[in-house]
Amino acid sequence: MRNHIPILSVLAILALSVPWSAVSQTLTGKVTSSGAPLIGANVIVRGTTKGTATDSEGKYRLQLDPGTYDVSFSFLGYATKTESVTLREGEEKILNVELRSEAVESREIVVVVGTRATGRTVTDSPLPIDVFSFQEMQYAGHPTFDKVLEHIVPSFNATQTPVNDATALLDPWEIRNMGVSRTLILINGKRKNLSSLVYTQTSPSRGETAVDISAIPLDAIKRVEILRDGASAQYGSDAVAGVINIVLKDNTEGGYVTVHSGVTGEGDGERLGVAVNNGSTILGDRGFANYTVELSRVAEARRSGLVDAEGEFSDFGDAARGYDLAYITNFLKYDKYAGNRSSAPATSAGKFLLNTGLQISESTELYANAAYVYKKVNSFANYRVPYWRTYSDFPYLASFFGNGDSASYKGYLPTFDGDLVDYNATFGFKAKKGEWSIDASFTLGFNSQDYYVVNSHNRSDFTDTNGVYIYRENSPIVFKPGGSEFSHQVWNLDLARAVTDQLSIGLGAEFRSETFEITPGDKASWDGIGADSFAGNRPENSGIFNRYNFGGYFDVGYDVTKNFLVSATIRNEYYSDFGNAFVYKISSRLKALEDRITLRASISTGFKAPTLHQIYTQRVQYSFVPGQGVQSIGLINNVSPQARLLGVKPLTPEESENFTMGVGARLANDINVTVDYYNIFISDRIVISNRVPFTGGEVEFFTNSISTKTIGLDIVADYKNIRMGSGVLGLSLAGNINLENRRSGNIPTVGATPVIDATQEALFFTSRPKQKFALGITYGMENMSFSMNNAYFGPTEFRQTGLDQNLKTVFEPKVVTDIGYTIKLWGNVTLAANINNVFDVLPEWKLEALNPAGSATLAAEEKRQENLITFNGRYSIMTYDGYHFGQLGRIYNLTLTYGF
């Protein structure tokens with residue numbers, strides 16, 4: 001959906017509100033595209049309240065005082081153009097303007113990603129690059145940047161998991177089904193810091209660390225550049241699946257305030273937010289400052305399933321002590337959901353971002369940007385039903401969570417609350433020195449997460465010297481389990497020049513220092529068993545860990561002919577904890593038929609360094625084990641004595657080989673089709689192991705254990721600016737087809753235990769849609785527009801822990817449709833209404849047999865198998881391990897925007 005940003009236009013009558021006799025200066029002209037008149041184009045005099053719209057012949061007329069003005073011309077589906085014009089007393093001036101369609105304009109944007117030599121446009125790049133403008137994302141109706149990308153970028157997936165502790169603070173996302181840690185995030189071309197969270201629960205991207213892109217305010221974004229190719233040679237670690245570069249707004253006018261609201265079709269998940277974006281000049285026109293402030297609150301949206309009494313009795317029942325099937329059945333009559341809160345958590349957030357630049361001379365520019373985000377998330381652990389944490393075992397719970405007697409005790413619901421802080425800042429300068437372009441910068445980033453558990457207890461039976469319990473009935477019910485912090489400091493120096501008209505080079509260096517801290521919890525949260533539901537960080541598992549790396553690269557691009565380009569990059573990095581990594585990339589592009597056909601290909605090597613989180617995280621965590629409820633499991637770090645006793649080797653970088661080839665066809669100025677093939681091989685992939693027996697218990701650990709192969713196709717087609725009636729129609733189709741995503745080679749073992757199991761393989765390879773397509777339709781007129789976006793989520797498969805080894809869970813293909821309507825109420829006020837998932841489509845899954853033995857199991861005990869993977873029905877919509885799209889169903893959104 002293009003050019004829906006509020007346009008500060010005013011109807012011609014406002015421009016004529018001053019008596020004609022008092023004004024004698026006139027600006028007239030015609031607005032066209034490819035020679036054809038544009039009817040209803042906006043003509044705005046920036047910095048004033050004066051403006052008009054073109055008539056049926058594309059003509060406009062403005063009455064102005066003498067002076068110099070910046071006049072902006074815009075129309076839906078076309079790139080905005082601003083012209084400076086000076087009117088003298090009594091003068092009538094003609095200014096004709098030709099607007100170019102955004103389809104043409106976007107191809108000529110000089111993108112940051114894809115090369116470290118001199119910049120190239122999307123058309124000239126030898127690599128597949130997608131560019132999405134703010135206008136395409138503004139009125140999508142989704143609350144955060146990651147959820148917007150999920151519905152417009154087929155290879156991008158983001159999943160909100162059910163009860164998964166700290167995962168509630170940051171949903172896992174990924175590109176090309178390759179895990180969240182293999183896509184590099186840049187802000188204005190500079191590396192964004194990781195979060196301090198490593199996903200350790202059973203969810204997609206398990207064992208990996210993400211960048212919190214949901215923390216980036218959508219209203220601060222000018223455009224998004226997505227490089228769909230490995231780029232470690234250009235940018236270093238993590239750029240295996242691709243690079244997402246977020247370009248921040250730099251406009252000095254056209255500010256606005258937006259109020260967002262929304263609610264689900266069930267009447268919950270209420271959303272209310274306000275965002276302000278504005279800009280101004282600095283020192284005349286020498287610089288700019290653009291800022292964004294966003295405040296938001298999203299309420300809990302609960303989607304708990306009905307709990308099965310027989311499954312509960314099988315897991316928790318004890319008839320001898322009175323917790324028989326009848327007792328459980330009666331409790332479920334009291335609460336059919338067993339108190340469970342399978343929900344999208346309540347989230348409050350405040351975000352601030354500033355982007356600024358200053359031209360201090362003809363050849364030197366200073367630039368800076370900074371962002372600060374605070375997010376509060378309120379989620380829940382699994383409800384402790386009274387036949388699980390029983391009055392018989394813990395009679396004091398009746399005083400904590402009842403009236404002191406067994407009849408009043410109905411169990412309790414521990415909360416899991418988190419405070420997240422994320423900030424980043426970049427300071428730098430760009431300069432021209434002779435033929436060289438110089439870019440020097442310093443970037444710092446920080447992310448912290450602090451956790452809180454309420455309505456819980458420590459049930460450890462320690463006593464003091466007088467025989468009095470330290471915990472149990474003397475336990476607190478509020479705990480601070482600690483948290484984690486991650487920060488980095490990055491110094492960059494990049495130089496580039498065009499040696500000749502055909503040859504360009506780039507070289508540079510980067511120094512990065514990283515620090516990861518595990519902060520200990522209060523003693524009651526970790527002592528003994530620790531806080532029920534989420535044990536705190538023990539002091540011996542906490543600490544501050546640091547490393548640094550230094551890297552350099554050399555990039556060359558050579559235009560062999562006007563249409564044939566070859567480029568190459570080499571890079572070497574030294575890490576203080578594991579040593580050197582050398583990678584390279586070679587790419588080429590050939591244009592034919594007057595640039596209407598583009599052939600491109602690349603081959604590269606890459607690497608992903610183990611994160612400090614993966615090396616040093618060690619803790620006890622609670623996890624759902626089918627048939628056994630929630631159990632505590634130890635996660636030992638990779639450098640611990642326990643890991644050495646198990647024979648676990650220190651982590652080393654993942655290594656990758658990436659091959660892509662594609663074709664782009666420009667059938668007309670407004671019709672484009674691209675098809676890109678990718679083949680990515682990763683060796684020594686870092687994973688969290690299966691549970692391995694150790695000294696009477698079970699432990700997990702991080703290890704380089706498997707090799708993987710991912711093969712697929714990306715397809716993009718769009719047809720823009722179709723004149724239909726008094727409006728403009730746009731069509732787009734994008735798709736990602738996963739041809740192959742699998743393990744390559746054997747699974748190593750520790751003793752007799754395989755390092756990964758079927759559950760983990762499913763999370764790696766089949767937990768994201770096998771195919772995903774997005775079909776978009778937009779239709780815009782002078783003051784209103786309509787959009788419809790259809791997202792097809794292909795089949796997804798899981799092999800949940802506890803599920804019979806001869807069965808699998810299959811999520812069926814679904815189409816989710818969003819519709820939107822935007823209308824300009826008057827000159828500077830725009831109203832947008834969206835219905836996301838208009839047909840209220842929910843994930844649907846079924847159990848399928850892998851072989852005849854599985855068919856026999858389904859015939860004999862299908863209900864039992866379903867109970868195993870849904871915790872007896874608590875997670876009946878998506879199962880416990882996740883799902884392929886949102887479970888909230890239909891969502892209504894209303895957005896009101898007032899332009900300054």
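**Figure 1. Arginine side chains over the rings of F380 and F871.** The charged end of R341 sits over the ring of F380, 4.4 Å from the ring centre; a charge is taken to sit over a ring if NZ of Lys or CZ of Arg is within 6 Å of the ring centre and within 35 degrees of the ring normal. R874 is placed over the face of F871, at 4.1 Å from the centre of that ring. The model shown in every panel is predicted: local features need pLDDT of at least 70, side-chain atom pairs count only at pLDDT 80 or more, and totals for chains, interfaces and linings use all residues. Residues are numbered from 1 along each chain as its sequence is written, and side-chain values use heavy atoms, with hydrogens and water left out.

**Figure 2. Aromatic pairs and an aromatic cluster.** The whole structure holds 34 aromatic pairs, a pair being two rings of Phe, Tyr or Trp (its six-membered ring) with centres within 6.5 Å; planes under 30 degrees apart count as stacked, over 60 as edge-to-face and the rest as tilted. The pair Y396 and F400 is edge-to-face, because the ring centres lie 5.3 Å apart with the planes at 65°. Y396 is buried at 7% relative accessibility, whereas F400, with a relative accessible area of 23%, is partly exposed. Here buried means under 20% relative accessible area, exposed over 50%, and partly exposed in between (1.4 Å probe, protein chains only). One aromatic cluster is formed by F316, Y323, Y327, F331, Y334, Y387, W388 and F871. F871 is also the residue whose ring face lies under R874.

**Figure 3. The buried and exposed faces of helix α6.** Helices (H or I, at least four residues) and strands (E, at least two) are DSSP runs, numbered from the N terminus. Helix α6 spans residues 309-316, and its buried residues are A309, G311, E312 and F316. Seen down the axis of α6, these buried residues fall within an arc of 160°, so they line one face of the helix; the arc is that of the directions from the helix axis to the C-beta atoms. The exposed residues E310 and S314 are carried on the face turned away from the buried side of α6. An α-helix has 3.6 residues a turn, so residues three or four places apart point the same way.

**Figure 4. The open sheet β4-β3-β6-β7.** Four strands in this order form the sheet, and their pairing is antiparallel; two strands pair if DSSP finds at least two bridges between them. The edges are held by β4 (51-53) and β7 (81-87), each with a single partner strand, so one side of each is left without a neighbour in the sheet. Neighbouring strands are turned by 20° against each other on average, direction ignored; axes are lines fitted to C-alpha atoms, for helices over the stretch in contact, and angles run from 0 to 180 degrees between N-to-C directions. Seven bridges join β6 (residues 67-74) to β7 in the antiparallel sense, and Y69 has V85 of β7 as its bridge partner.

**Figure 5. Strands β20, β21 and β24.** β20 (residues 271-282) pairs with β21 (residues 287-298) in the antiparallel sense over twelve bridges, with A275 partnered by E294 in β21. The two strands β20 and β21 form a hairpin with four residues between them, and L283 in the turn has a positive phi of about 50°. β21 also pairs with β24 (residues 346-359), again antiparallel and over twelve bridges; A289 stands opposite T356 in β24.

Figure 6. T598, in strand β33 (residues 597-608), is buried at 8% relative accessibility. Y719 lies in strand β39 (residues 697-724) and is partly exposed, with a relative accessible area of 36%. L731 is twelve residues from Y719 in sequence, and their C-alpha atoms are 5.1 Å apart.

**Figure 7. Positive phi at D238 and A338.** D238, a residue other than glycine, has a phi near 90° and lies in the loop between α5 (232-235) and β18 (242-248). D238 is buried, with a relative accessible area of 11%. A338 has a phi near 55°, lies in the loop between α7 (325-334) and β23 (343-344), and is buried at 0% relative accessibility.
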